[in-house]
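The following exercises concern the reading of a protein model.

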Amino acid sequence: CLAEPGARWSKHWLMDPPICRTHNLWLVDSCPSCSTFYTARRCRFTKCVCGAHLSDTLRHPVSKEAHDTLCKGDVDVSVLKWIGSLEKYGLQGKPGKKAAITSLSDVIDVLERGSRITCGWPKSFENLLDNIRLDQQSSNATLASNALPFLSKRVRSIRDPAWRDRISKAVIDYVHSTRFTRNVLLSRNAPIDSPPPSVANSLGASTERVSRLLVSEHYPALVV
């Protein structure tokens, strides 16, 4: 908008998501010349105080997945940030906290990632879980809580109830699906047919704990 005749600042630039809906471009928050962040004191409508034209800033187009997801409003921005942060930083990076990032370039990155994953749901989310598992080198059965530590707690932190339930179900379905792979995950929601002593031996866990996991019919926990 600033590069056109009759340059103007649009009101919707102040709202989430950070997109110019007129040109389908991601907004920018720093000067292309001096690299400092734009503030009310550093902008002179179409120029930075250093003299650089704001319209010369490198602009990035919004992907089709992000445009469709964000503009239709089917998925809350906070959910997209959570999913995108989980893919970008993994379980060790505390995706819930990372979702609160304020750097616009990082926000755009996680929104693009989150949009791509939700558009390819559920397969893309299954691939995400494959990539962030901590037991990828193991060929034995593993407790889901060890392979995906604290994931259930982080899923419960999602404020959107519909997506919180959807992600919870996707994780449970994923754990179930590992029964047919060499990297089996054990949880109370995904029992296997092997005898408890054999499973306990491969896990280095107590037979009592494994037995509890294998026979439990409870459904309160996402991942045990």
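**Exercise 1.** Determine which helix gives the most to the lining of the second largest pocket.

*Solution.* Step 1: the lining consists of Trp26, Leu27, Val28, Asp29, Ser30, Pro32, Thr57, Leu58, His60, Leu104, Ser105 and Ile108. A pocket is an open set of points on a 1 Å grid over the protein atoms alone, where a 1.4 Å probe fits, with protein on both sides within 12 Å along at least five of seven lines; lining residues have an atom within 4 Å of a point.
Step 1: helix α4 (residues 104–119) gives the most, with 3 residues. Helices (H or I, at least four residues) and strands (E, at least two) are DSSP runs, numbered from the N terminus.
Step 2: by class, the lining has 7 nonpolar, 4 polar and 1 charged residues. Ala, Val, Leu, Ile, Met, Phe, Trp, Tyr, Cys and Pro count as nonpolar, Asp, Glu, Lys and Arg as charged, and the others, Gly among them, as polar.

The model is predicted: local features need pLDDT of at least 70 and side-chain atom pairs count only at pLDDT 80 or more, whereas totals for chains, interfaces and linings use all residues. Residues are numbered from 1 along each chain as its sequence is written, and side-chain values use heavy atoms, with hydrogens and water left out.

**Exercise 2.** State how the axes of helix α1 (residues 64–72) and α4 cross.

*Solution.* Step 1: the two axes come within 8 Å and cross at roughly 85 degrees. Axes are lines fitted to C-alpha atoms, for helices over the stretch in contact, and angles run from 0 to 180 degrees between N-to-C directions.
Step 1: α1 is therefore roughly perpendicular to α4 (a term for angles of 65 to 115 degrees).
Step 2: Glu65, Ala66, Thr69 and Leu70 of α1 meet Leu111, Glu112, Ser115, Arg116, Thr118 and Cys119 of α4. Contact means heavy atoms within 4.5 Å.
Step 3: this contact of α1 with α4 comprises 4 nonpolar, 3 polar and 3 charged residues.

**Exercise 3.** Describe how helix α2 (residues 77–89) meets helix α5 (residues 123–132).

*Solution.* Step 1: their axes come within 9 Å and cross at roughly 35 degrees.
Step 1: on the α2 side, Ile83, Leu86 and Glu87 make the contact; on the α5 side, Phe125, Leu128 and Ile132 do.
Step 2: these residues divide into 5 nonpolar, no polar and 1 charged.

**Exercise 4.** Locate the cis peptide bond and the residue that has a positive phi although it is not a glycine.

*Solution.* Step 1: the cis peptide bond joins Trp121 and Pro122, with omega about 5 degrees. Pro122 belongs to the loop between α4 and α5.
Step 1: Asn24 has the positive phi, about 55 degrees. Asn24 lies in the loop between β1 (19–20) and β2 (25–26).

Terms used:
Parallel < 35°, antiparallel > 145°, perpendicular 65-115°, else oblique.
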